[in-house]
Amino acid sequence: MNDNVPPVSPRKPDLIVLRDAAEAAPPLIDRFQRRITYLRLSVTDRCDLRCSYCMPERMTFLPKKEVLSLEELYDLATGFIARGVTKIRITGGEPLVRRDIIDLFTALGRRLGHDLTELTLTTNGTQLANHAEALAKAGVKRVNVSLDTLDRETFAALTRRDSLPQVLEGIAAAKAAGLKVKLNAVALKGTNEHELPDLIAWAHQQDHDVTLIEVMPLGDVEEERLDQYLPLDTVRARLEERWTLKPLAYSTGGPARYDEIAETGGRLGFITPHTGNFCSGCNRLRVTATGQLYPCLGGGERVDLRAALRSDAPEANLAAALDEALRIKPEMHHFRMDTRGADPALARHMSMTGG
Ligand code: SAM
Ligand code: SF4
C-alpha cells in the first residue's frame, strides 16, 4: 500500500484531514504526456429536465443504491487530489437535485487554498436560486449554467419542461451571490440557431461569458442526431457578419477557444469536438455517480472506482485503478457526426458522464 495516499474509508464530509501537497502520490500523467489536474465528478444521473439532445423523455435512471454516497464521493475526490488534481467540477445529471449536495460542496470547499484551487459546478439552473448563497459560502466562485434559449416556448419544447423562469431566477441569484456565471449553449439546427446572437447579446449585457457547444452523438435520444447538429464554423461565420470576433489567449483550462466580441465587450467560447479537435490538451478525467471512471467522454474505456473504494484495500486499489485509467486514456475521441441514421457513437448519455 502506498502510504502517501490519504485514507478513503467512509466518513462524514465535514471530517477532513488536510494533507500537505508535498505528500502527494505520483501525479496523473497519461501515455501522451498529458497531465490530469481536473476532475469532473457526477453526483447523480437524475435530472428535472429532459433536454432533447441529452436524454429521452422516458429516461431510465439508475437505482439509488448504485450511486455513491456523499462520503464516498468525498473520499474519491480526496484520492484524485492526492494525485495532483487541483480543480473539481461537480456535475450530473443535475447536481443540485441531489439531496444534501451542499454538504459535499462545503466539505470540498474547506480544501480550497490548501490542495484544491477551484471547486465549481455545471447546472441547468432550475434549483440555483435555492442554493446560490450556500455555494458561494462553500467557496464556489464560478458556475456554468446551461441555457440554450431565452424563449419560453422554445425552452419548454427543448427541455420538455416549462422551467425558463426558474432558470433565469437562478442565474440572477447566482450573480447576486457574487458567483461568476458562464452560460453554456448547445447550438442546435433549426431550434436555437437563429436566436444565438440574441442569447449572446443578452448574456454579455448581464456580464456573463457564453460558450457554444457542438452536439455530440452520445446516447439514444429518440431524435436524428444529424438533424440537431449545427457546426460551429457555420455559426461563427454568421456571427462575424454582425460582430467583430477577436481571438483571445484566455483559457479556463477546458476545451473552449475564446474570442472577444468587440461590440459587446464580452467573451464567447467555442467547444468544437467535430470542427476542431481539442484532445491533445485534455487535462481531465470523468467519474460517474456510480464511481465509473471514463478517461474519455467519447470513448468506451472504463475503470471501476467504486469496486476499488468498497474493496478491502481501498487506498491501494484506488491508486491502481487510477494508474489503469492513465494507461487506457485514448489519444482522442472518435465520434463523428456525418451519417444519417447512425447508432449513437456511445450508448452512454451525456447525463451519465456529466458533459
Ligand atoms: N444538468 C446540468 C446541465 O445541464 O448543465 C449538468 C449536466 S449536462 C449533461 C452538462 C452539459 O452537457 C450541458 O451544458 C448540456 O447542454 C451538455 N450536453 C448534454 N448532452 C449533450 C450532447 N449530446 N452534446 C453536447 N452537449 C451536451
Ligand atoms: Fe438534464 Fe443537463 Fe441533460 Fe438537460 S443537459 S437533460 S439539464 S442533465
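Predicted model: local features only at pLDDT ≥ 70, side-chain atom pairs only at ≥ 80, totals over all residues.
In total, 19 residues surround the ligand, and the closest are Y53, G93, T122, S146 and M216.

Next, select G93 and show its backbone. One of its backbone N or O atoms lies 3.0 Å from a nitrogen atom of ligand 1. Proceed to M216, where a backbone N or O atom is placed 2.8 Å from a nitrogen atom of the ligand. Then select T123: here a backbone N or O atom lies 3.2 Å from an oxygen atom of ligand 1.

Now show the surface of ligand 1. Taken alone, the ligand exposes 540 Å², and the protein buries 95% of that area. To see which elements contribute to the shell, colour β3 (118-123) and β5 (180-187); these are the elements that give two or more residues to the shell around ligand 1.

Finally, return to the whole chain and switch to a cartoon view. The secondary structure comes to 11 helices and 12 strands. Colour the chain by burial: of its 355 residues, 57% are buried. Then display the contacts between residues at least 6 apart in sequence; 73% of these join residues at least 24 apart.

Terms used:
Residues numbered from 1 in each chain as written. Chains lettered and ligands numbered in written order. Heavy atoms only, no water. Helix = DSSP H or I, 4+ residues; strand = E, 2+ residues; numbered from the N terminus. Buried < 20%, exposed > 50% of the residue type's maximum accessible area, 1.4 Å probe, protein only. Contact = heavy atoms within 4.5 Å. Near = heavy atom within 4 Å. Polar contact = N/O pair within 3.5 Å; in protein donor to acceptor, adjacent residues only side chain to side chain. Areas by Shrake-Rupley, 256 points an atom, 1.4 Å probe, with all protein chains shown as cover.
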